[in-house]
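Dear colleague,

I am passing on the structure we spoke about, and below it you will find notes on what was found there. Please read them alongside the coordinates.

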Amino acid sequence: MTDGPAGWAGPLHARVLDAAGIGTGTRVLDLGCGTGAFAAAAVARGARVRGIDSDPGAVARARTAVPEAEFAVGDAHELGDPGPVDVAAAVQLLGHVADPRRVLAEAGRVAPLVAVTAWGPEERCEVRAFGEALEPFLGPRRPAPAPDLDALAAAAGLTVVTLDAVVCPFTYADVDDVLGPLFASAIGLAAMGAAGPVAVRDAVLARLEPHRTGESYVLDNEFRVLVARS
Ligand SMILES: C[S@@+](CC[C@H](N)C(=O)[O-])C[C@H]1O[C@@H](n2cnc3c(N)ncnc32)[C@H](O)[C@@H]1O
């Protein structure tokens, strides 16, 4: 349950763009571009964006979604010679790669400025409510610790310029908006396999009740944004 509802990353993307000074003409290399949401935000500020992602399907969707940018299939561990880059951005990428230190070192090799984001500590991320609600069916969770971006940047030979926290509300319009993605996720399917959909629905909605206003649910989650020089 970490994909989040549509549009949740708007505040995160805005903070990266502000912190890294991305604006008209900035040459951005978007590492792990996914389907192009951060690229679209950078293009909207006038940046010249190239994105790479290891998933060809994501690259195809990014090309359609953001025709102003260029996208290619690639591995953020091996950037080769990408040509001139002002900012290399790794937005919500590090949790997906085999070697985060190497990805940051590569980013610093090809760009004078590196911007990187990650989830904050679990106690500051209210989406943990989903995992907590499913514990009776799946057993105790072992949440991964939040990455120490400061230490990773130092290990990659980068010099930290700023390290910020930004809260991104995950807003779900109604019960269906909450339960649809959960029921389709790996943990949702496992919980339903163990206890059936009614028990899972009841447990999740009971745990989310403090976050409900009218029909909608809002979960606040903290993210970290680090900008470093190479
Ligand atoms: C959470 S998504 C990133 C979303 C995107 N940066 C944004 O903000 O809109 C993580 C992406 O990292 C990609 N990825 C994972 N390992 C990678 C690697 N070694 N090199 C490049 N991309 C990778 C995945 O395919 C996925 O699209």
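Among contacts in the protein between residues at least 6 apart in sequence, what percentage join residues at least 24 apart? The value is 71%, and, like everything that follows, it was computed on a predicted model.

As for the overall fold, the protein has nine helices and eight strands. Its radius of gyration is 19 Å, close to the 17 Å that the globule rule gives for 230 residues, so the protein is as compact as a globular protein of that length. Along the principal axes, the C-alpha atoms fill a box of roughly 55 × 35 × 30 Å, and 37% of the 230 residues count as buried.

Turning to the ligand, 19 residues lie around it, and those that come nearest are Gly32, Gly34, Ala37, Phe38 and Asp55.

Helix α1, which spans residues 10-19, has Leu12, His13, Arg15, Val16 and Leu17 as buried residues. Just after α1, the backbone at Gly21 takes a positive phi of about 65°.

Conventions. Residues numbered from 1 in each chain as written. Predicted model: local features only at pLDDT ≥ 70, side-chain atom pairs only at ≥ 80, totals over all residues. Near = placed C-beta within 6 Å. Helix = DSSP H or I, 4+ residues; strand = E, 2+ residues; numbered from the N terminus. Rg over C-alpha atoms; globule rule 2.2 N^0.38 Å. Buried ≥ 20, exposed ≤ 12 C-beta atoms within 10 Å, placed from the backbone. Contact = placed C-beta atoms within 7 Å.
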